[in-house]
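Reader: I'm new to this one. Can you put it up and walk me through it?

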Amino acid sequence: MAEESQPKPFKPLFPHQPAATASSSTDSKKDDDSTTKLANGLVLDKDGKPCRLCTSAASWRAMTKQAKAPAAAASTTTSTNDSVAKPPTSSESKPTSLPAPTQNECPPDVEKLGRSTWTLLHSMTATYPTKATPEQQTEMRSFLKLFSRLYPCWVCADDFRTWMAEPSGKNEPRLGGRSDFGTWMCEAHNEVNRKLGKKEFDCRFWEERWRTGWKDGRCD
Ligand SMILES: Cc1cc2nc3c(=O)[nH]c(=O)nc-3n(C[C@H](O)[C@H](O)[C@H](O)COP(=O)(O)OP(=O)(O)OC[C@H]3O[C@@H](n4cnc5c(N)ncnc54)[C@H](O)[C@@H]3O)c2cc1C
């Protein structure tokens with residue numbers, strides 16, 4: 001059903017991706033912008049601060065762990081002195097209204113944001129008219145244009161916009177009707193999958209995945 005993607009040896013399209021899994025970029029601005037990528041996979045925002053929405057959960061955790069390390073070491077040193085008042089433990093200082101840790105209600109990282117967004121985007125194709133009027137097509141084109149400017153992971157947005165604007169026009173949104181639009185979105189998603197070194201999705205099955213449910217009945 002799905003084919004294996006072949007990571008290619010090109011220069012990174014995503015400044016935050018390792019070269020081995022990223023593709024070439026037409027956006028020279030990002031190629032020059034070494035400030036966006038740090039060795040630990042952390043991606044910086046345009047203001048130079050860490051961009052959580054552009055960074056994987058693992059890299060983010062590594063950064064916060066590193067940042068906490070000196071503080072933890074300092075508190076270990078002071079705790080050996082009984083005359084020094086200890087700060088409350090993290091559980092003592094938490095208000096009772098906090099969700100249980102198992103609920104994992106934390107701000108999204110690049111992956112969580114991506115999964116939720118693909119759900120929205122593919123669901124939009126699933127509910128798109130089988131034959132769209134000119135007005136519906138214009139609205140969707142505007143949405144995609146704005147989306148590609150406003151998506152909170154700015155490096156993702158930049159690349160998505162660059163891909164859509166490929167000079168030959170081959171990646172322009174196909175908005176005539178649901179079937180075309182759904183397949184186009186699947187191809188757009190596969191472009192990101194390829195760049196991240198992930199398996200491609202077989203676009204013949206986009207509608208089973210996102211609209212009707214699988215024919216074997218597992219979603220019924
Ligand atoms: C526009 C956009 C750009 C992004 N750019 C980046 C980026 O530059 N760097 C980065 O690290 N992350 C990026 N992401 C996030 C990335 O695509 C993934 O969402 C994230 O890595 C989590 O991946 P996942 O393996 O959980 O599945 P996802 O890729 O989020 O996919 C969710 C589900 O969609 C289905 N699916 C997979 N491929 C397809 C397809 N082609 N068509 C239809 N359905 C499919 C599968 O059932 C899968 O489980 C971007 C997301 C979006 C929406």
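Author: One term to start: a nonpolar core is a set of buried Ala, Val, Leu, Ile, Met, Phe, Trp, Tyr and Cys residues joined through C-beta atoms within 7 Å. Buried means 20 or more other C-beta atoms within 10 Å of a residue's own, with C-beta atoms placed from the backbone. This is a predicted model: local features need pLDDT of at least 70, side-chain atom pairs count only at pLDDT 80 or more, and totals for chains, interfaces and linings use all residues. Residues are numbered from 1 along each chain as its sequence is written.

Reader: Which residues make up the largest nonpolar core?

Author: Ten residues: Leu 42, Val 43, Cys 51, Leu 53, Cys 54, Val 110, Cys 153, Val 155, Cys 156 and Phe 160. Helix 6 gives the largest share, three residues. Helices here are DSSP runs (H or I, at least four residues), numbered from the N terminus.

Reader: Take Cys 153. Buried or exposed?

Author: Cys 153 is buried, with 25 other C-beta atoms within 10 Å. It sits in the loop between helix 5 (134-150) and helix 6.

Reader: New topic. How many residues surround the ligand?

Author: There are 23, and the closest are Gly 114, Cys 156, Cys 186, His 189 and Phe 201. The cut-off is a C-beta atom, placed from the backbone, within 6 Å of the molecule.

Reader: Which helix supplies the largest share of that shell?

Author: Helix 4, with seven residues.

Key
Helices (H or I, at least four residues) and strands (E, at least two) are DSSP runs, numbered from the N terminus. A residue is buried if 20 or more other C-beta atoms lie within 10 Å of its own, exposed if 12 or fewer, and partly exposed in between; C-beta atoms are placed from the backbone.
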